[in-house]
Amino acid sequence: MAAPRDIIDALECVGSIYFSDVRHKTRAAFILADELVEMCCKALAFAANPNLGNIQFPTLLAHPAVRLPAQTVPLADTLLRNHRTRNQMQHGNAAFTVDDQHCADAILDAVAAMEHCFPGTIAILPDALKVALRVVRLHSSQGDVRLRGAFEDAMRSHGWNGNARRAKVSEPPYPVGSRRYWGLVLFPEFAQVEGILNRLGVPT
């Protein structure tokens, strides 16, 4: 059974923050990715037991309906470590944060948890989100550093403006191909981004 729409919407929110130009975006996206994991697990646990009440994260992972005990499932151990990092950021040290790669890894971990809880979800994700996740994977510890550099170069050199009108004098031109502004093109122009990924041979 694929994930409910609100969970897919939450994943889209994580991706939008990760590719945005807001300050502390990796910190925010990391926290939201961890919350997405909680959403998935709680959906199963509370469906099995509506009167479950408050439940600690390790216990939630090990719930019979969730089947992710940290002691025996590698993904669960990773999710638990991510959760502890999230708690450190929110409750331990306000200045604590994560880098781009650590955040990308956490997003992929959340996607893996979502697929575990709701098998078949990845296959029915919106095309734009699938493309965005390819870019996330490229910037994670799973990504090829050489392909990452080639992709960033290709994004910068791509002709994004096409036949669109020229900016007015009062409008600052945004170099949307630069990493800082990917959020402006990655979702609305996902087909062009997918073309760049395919030409470079970036894995799906």
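This is a predicted model: local features need pLDDT of at least 70, side-chain atom pairs count only at pLDDT 80 or more; totals for chains, interfaces and linings use all residues.
Trainee: Is Asp 144 buried, exposed or partly exposed?

Mentor: Residues are numbered from 1 along each chain as its sequence is written, and side-chain values use heavy atoms, with hydrogens and water left out. Buried means under 20% relative accessible area and exposed over 50%, with partly exposed in between (1.4 Å probe, protein chains only). Asp 144 has a relative accessibility of 30%, so Asp 144 is partly exposed.

Trainee: Which residue forms a salt bridge with Asp 144?

Mentor: A salt bridge needs a side-chain nitrogen of Lys or Arg within 4 Å of a carboxyl oxygen of Asp or Glu. Here the closest N and O atoms are 3.7 Å apart, and the partner of Asp 144 is Arg 146.

Trainee: How far apart are the closest N and O atoms of Asp 77 and Arg 81?

Mentor: Both residues lie in helix α4, four residues apart, about one turn of the helix. Helices are DSSP runs (H or I, at least four residues), numbered from the N terminus, and strands are E runs of at least two. Asp 77 and Arg 81 form a salt bridge, with their closest N and O atoms apart by 3.3 Å.

Trainee: How many salt bridges does a search of the whole structure find?

Mentor: One network links Asp 34, Glu 35, Glu 38, Lys 42 and Arg 86. For the whole structure, the number of salt bridges found is eleven.
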